[in-house]
Amino acid sequence: GSMIRHVERLKLAELALFMPQSSLFGIDDEYLSAQTAIIADMAHYHFDEFITDADRKYPDTLMLAMLLDGHDEKMIESGMRYGSCVSSGVQFARHWVDMPPEYSSPLQLATKAQEVADRHGFKCTLFTEDEVVQMVMGGLSGVARGSERDCQLVVMEYACGDEQAPTLGFVGKGITFDSGGLSIKPADSMETMKDDMAGAAAVLG
């Protein structure tokens, strides 16, 4: 991670990394390459959505070449694919947590969830505030009453095709700005209330 940040400061676009032997760490090549991909990608993350000066931005892409000597190339490739998927999900969550509340309203986040579902073939159902009230979900509808923007409830479903597979549920809190307890929260604490949707962002990621 430190190496990636150093390369970025030098404004370089490529990095060749000589991979150590996995056995030195008691792991295999797949795990080594997966962790390398995750750490490199996460270190390369920058929230520059609203920076207009190109000179202040880091390059969008950094090519990482992994130099292999005595490694299992298939395991390296498999680990890289897995690591890229994990880091992509993490970066998605980080981006939406970093977004200002003005740009991550309930409807905007629900719309993004629909885009994710469409791209990956998930079933996605969006419930409006009226439907949330009808389902007697008082916690969510009660919070929404404090805002002029209606709440949204998002349910995404993925079927693996195996009828014997267990049903797993991941629930992420998606309150896009928690103003609850405004009268007792110190001013500095209000800055992070936009992070209350981190749970939903993590599940979407």
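## Charge pairs, an acidic patch and a nonpolar core

Aspartate 72 sits in the loop between strand E2 (63-67) and helix H3 (73-98). The model is predicted. Five salt bridges turn up in a search of the whole structure. Three of them are described below, along with a patch of negative charge on the surface and the largest nonpolar core.

**Acidic surface patch**

- Asp72 belongs to a surface patch of negative charge, together with Asp28, Glu30, Glu73 and Glu77.
- Aspartate 72 has 35% relative accessibility, so it counts as partly exposed.
- That value also clears the patch cut-off, because patch residues need over 30% relative accessible area.

**Largest nonpolar core**

- This core has 12 residues.
- Its members are Phe92, Ala93, Trp96, Val97, Met99, Leu109, Ala113, Val116, Met197, Ala200, Ala201 and Leu204.
- At least two residues of the core come from each of H3, helix H4 (106-120) and helix H8 (198-204).
- H3 gives the largest share, four residues.

- Lysine 112 pairs with glutamate 115 in a salt bridge, with the closest N and O atoms 3.0 Å apart.
- Both residues lie in helix H4. They are three residues apart, about one turn of the helix.
- Lysine 112 counts as partly exposed because its relative accessibility is 23%.
- Glutamate 115 is partly exposed too, at 38% relative accessibility.

- Lysine 123 and glutamate 157 form a salt bridge through their side chains, at 3.7 Å from N to O.
- Lysine 123 is in strand E3 (residues 123-127) and glutamate 157 is in strand E4 (residues 153-157), so the pair ties together parts 34 residues apart in sequence.
- Glutamate 157 has 40% relative accessibility and therefore counts as partly exposed.

**Salt bridge between two loops**

- Aspartate 196 and lysine 173 make a salt bridge, and their closest N and O atoms are 2.8 Å apart.
- Aspartate 196 lies in the loop between helix H7 (187-190) and H8, while lysine 173 lies in the loop between E4 and H7, so the pair ties together parts 23 residues apart in sequence.
- Aspartate 196 counts as buried, because its relative accessibility is 18% and the limit for buried is under 20%.
- Lysine 173 is partly exposed, with a relative accessible area of 46%.

How values were computed:
Residues are numbered from 1 along each chain as its sequence is written. This is a predicted model: local features need pLDDT of at least 70, side-chain atom pairs count only at pLDDT 80 or more; totals for chains, interfaces and linings use all residues. Side-chain values use heavy atoms; hydrogens and water are left out. Patches are made of residues with over 30% relative accessible area and no salt bridge: like charges are joined within 9 Å, nonpolar side chains (Val, Leu, Ile, Met, Phe, Trp, Tyr) within 5 Å. Accessible areas come from the Shrake-Rupley method with a 1.4 Å probe; for residues, only the protein chains shown count as cover. A salt bridge is a side-chain nitrogen of Lys or Arg within 4 Å of a carboxyl oxygen of Asp or Glu. Lys and Arg count as positive and Asp and Glu as negative; His and the chain ends are not counted. The place of a charge is taken as NZ of Lys, CZ of Arg, CG of Asp or CD of Glu. Buried means under 20% relative accessible area, exposed over 50%, partly exposed in between (1.4 Å probe, protein chains only). A nonpolar core is a set of buried Ala, Val, Leu, Ile, Met, Phe, Trp, Tyr and Cys residues joined through side-chain atoms within 4.5 Å.
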